[in-house]
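This report describes how the parts of one protein chain are arranged. Please keep the sequence and the structure in view while reading.

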Amino acid sequence: MVSVSSFLALDQGTTSSRALIFDRFGKVLGSAQKEFEQHFPQPGWVEHDATEIWATQIKVAQDAIHNSGLELNEISAIGIANQRETTVVWDRLSGEPVCPAIVWQDRRTSNRCEDLRNPKFEAMVRSKTGLTLDPYFCATKIEWILDHISGARSRAENGDLLFGTVDSWLLWKLTKGRVHATDTTNASRTLLWNLGEEKWDDELLKTFGIPSCMMPEVRPSSHLFGHSEASVFGMPIPIGGIAGDQQSALFGQGCTQPGLAKNTYGTGCFALMHIGSKPKQSLSRLLTTAACSNQGEKAYAFEGSVFCGGSAVQWLRDGLGIIKCAADVESLAATVDDTAGVYLVPAFTGLGAPHWDAYARGAILGITRGTKQAHIARATLEGIAFQVAEVLESMEKDTGQAIQQLRVDGGASDNNLLMQMQADLLQTPVVRSNMTEATAFGAAFLAGMTSGVWQETSEIDEIYQVDRIFEPQGSPQVISERRERWSEAVGRTLQWEK
Ligand code: ADP
């Protein structure tokens with residue numbers, strides 16, 4: 001391919017579209033970001049306008065190219081990292097979405113999942129897809145669109161409608177409708193992708209009434225998907241990498257070998273651990289998902305999400321008003337040595353892995369007349385760290401492999417106190433890198449492998465630089481007692497909402 005080696009990463013997130021240009025040393029040469037609107041038409045519903053996603057994404061890409069000062073022909077490839085599970089259905093001819101995109105957070109299909117719930121079906125879904133039956137994934141969202149948008153089902157059956165996750169939608173728009181494809185990491189979040197057989201699963205498509213002609217082609221994450229149409233940027237650019245944001249971050253953090261794990265501390269927390277080249281099943285209700293790899297290789301990961309991570313800190317700011325900005329939580333929490341026995345379970349929107357309890361609700365336990373704001377702030381940070389520790393412990397149990405170090409990223413990973421708490425609770429070093437843009441960099445690296453700038457996934461290690469390592473402190477005995485107490489606190493929050 002071309003000899004230049006800068007990469008345009010499109011980082012299409014839940015609240016904003018971002019674009020970054022990386023050079024071959026992982027340095028950011030230019031970037032731009034634009035928020036877009038979140039729509040909440042009914043309780044539990046969350047929608048995006050796919051057309052706005054496209055418009056903002058293209059605008060920031062053009063701005064990032066401009067900011068970098070590079071000529072177009074110096075950009076050798078595009079990589080896409082995207083919010084996952086968000087479901088877009090559009091008309092093949094007009095290119096118009098048939099309705100707003102249904103966002104991963106949307107719970108409108110909860111009842112449908114409840115109706116389908118029985119041990120046999122759930123076991124089948126788990127063994128085929130590595131996922132759990134939940135409205136979070138695409139299958140029931142697509143089904144909802146076909147059932148509720150007038151004429152959609154017959155148009156889909158006629159081959160007039162296409163489904164895609166956001167990567168697929170962007171790819172289709174970039175190529176002006178020439179390529180309808182996705183990558184394995186995104187496919188593995190639909191609840192329709194058979195992980196073991198590596199194909200869309202006919203039985204699941206049938207259960208959800210989804211015509212197979214709607215489904216995109218599935219390719220490896222590092223692959224030449226096509227070229228952007230000349231009119232988009234001024235000249236065609238190869239699209240060489242696609243991955244769901246969390247898998248892209250795992251990759252961008254250099255977790256390319258079994259046993260390496262990362263956690264992203266954003267609104268929620270997403271922990272992923274590389275488990276090798278075979279899709280194992282978790283016994284602790286973790287998800288099994290495809291991970292990024294070099295062309296022709298296979299990689300899988302266990303994933304556990306904590307629904308409420310940094311958003312618990314937002315609640316301290318906006319709900320309780322005890323801090324002015326998120327970063328203030330660290331200094332407030334540091335004014336006390338411990339939580340004085342207070343435990344805060346931030347199950348504000350239910351609990352994710354390993355509990356998967358949509359009916360759990362938040363609780364603060366152990367409050368006395370001596371409890372101060374600082375104890376609540378400290379207990380909130382601990383609540384985040386305890387949840388992440390539970391997920392990682394499950395991963396260790398299910399793989400029989402100890403995590404040697406946890407690599408971290410995301411907004412709340414700036415919080416040194418939280419990172420130290422995490423290292424202590426895990427009794428494992430926590431490593432924060434200088435690569436603050438791991439998600440976008442993962443996509444850029446995938447594209448760079450396709451264009452031949454990098455040959456081996458291990459070359460990420462040459463770019464990965466440690467910012468700080470948090471070594472575990474504290475007595476393992478005390479920590480294990482506190483973790484038991486945490487489990488008791490979690491037990492009080494389960495099945496609270498009737
Ligand atoms: P997302 O990508 O999910 O929007 P970010 O990675 O931008 O999230 O992180 C933002 C989240 O991190 C917010 O929920 C915020 O409350 C939290 N956060 C940001 N800085 C800190 C901090 N210093 N300490 C604790 N939490 C923080």
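## Basis of the description

The structure is a predicted model, in which local features need pLDDT of at least 70 and side-chain atom pairs count only at pLDDT 80 or more, while totals for chains, interfaces and linings use all residues. Residues are numbered from 1 along each chain as its sequence is written, and side-chain values use heavy atoms, with hydrogens and water left out.

Helices (H or I, at least four residues) and strands (E, at least two) are DSSP runs, numbered from the N terminus.

## Two domains

The protein is divided into domain 1, residues 6-245, and domain 2, residues 254-434 + 465-498. These bounds come from an automatic or database domain assignment. The C-alpha centres of domain 1 and domain 2 are 27 Å apart. Domain 1 gives 23 residues to the contact and domain 2 gives 21 residues, where contact means heavy atoms within 4.5 Å.

Strands of a sheet pair through backbone hydrogen bonds, either parallel or antiparallel. Here two strands are taken to pair if DSSP finds at least two bridges between them. An open sheet is formed by 6 strands in the order 3-2-1-5-14-13, with mixed pairing. Strand 3 (28-35) and strand 13 (222-227) are at the edges and have a single partner strand each, so one side of each is left without a neighbour in the sheet. From one strand to the next, the twist averages 25°. Angles run from 0 to 180 degrees between N-to-C directions, and axes are lines fitted to C-alpha atoms, for helices over the stretch in contact.

Within this sheet, strand 1 (residues 6-12) pairs with strand 2 (residues 16-22) in the antiparallel sense over 6 bridges. Opposite Phe-7 stands Phe-22 in strand 2. Helix 15 (residues 438-450) packs on the sheet and touches strand 1, strand 2, strand 5, strand 13 and strand 14 (238-244). The direction of helix 15 makes about 140° with that of strand 14. Helix 1 (residues 50-68) lies across strand 1, strand 2, strand 3 and strand 5 (75-82), and runs at about 150° to strand 3.

Another open sheet has 7 strands in the order 17-18-16-15-21-22-23, and its pairing is mixed. Strand 17 (287-290) and strand 23 (466-470) stand at its edges, each with a single partner strand, so one side of each is left without a neighbour in the sheet. The twist in this sheet averages 30° from one strand to the next.

Strand 16 (residues 269-276) and strand 18 (residues 300-306) run antiparallel and are joined by 7 bridges. Phe-270 has Ser-305 in strand 18 as its bridge partner.

## Packing of the helices

Two packed helices are described by the angle between their axes and the distance between the axes. Helix 1 packs with helix 6 (residues 166-174) at an angle of about 65°, and their axes are 11 Å apart. Ala-50, Thr-51, Ile-53, Trp-54, Gln-57 and Ile-58 of helix 1 meet Val-166, Trp-169, Leu-170, Lys-173 and Leu-174 of helix 6.

Helix 13 (residues 373-399) packs with helix 14 (residues 416-426) at about 40°, with the axes 9 Å apart. Helix 13 and helix 14 are therefore oblique to each other; angles under 35 degrees count as roughly parallel, over 145 as roughly antiparallel, 65 to 115 as roughly perpendicular and the rest as oblique. Among the residues making this contact are Leu-381 and Phe-386 of helix 13 and Leu-418 and Met-421 of helix 14. The axes of helix 13 and helix 17 (residues 476-493) come within 11 Å and cross at roughly 100°. Helix 13 and helix 17 are therefore roughly perpendicular to each other. Their contact includes Glu-382 and Glu-390 of helix 13 and Arg-482 and Trp-486 of helix 17.

## Two details of the backbone

Ala-353 and Pro-354 are joined by a cis peptide bond, with omega about -5°. Pro-354 is in the loop between strand 19 (343-345) and strand 20 (363-365).

Gln-427 has a phi near 55°, which is a positive value in a residue other than glycine. Gln-427 is placed in the loop between helix 14 and strand 22 (430-433).
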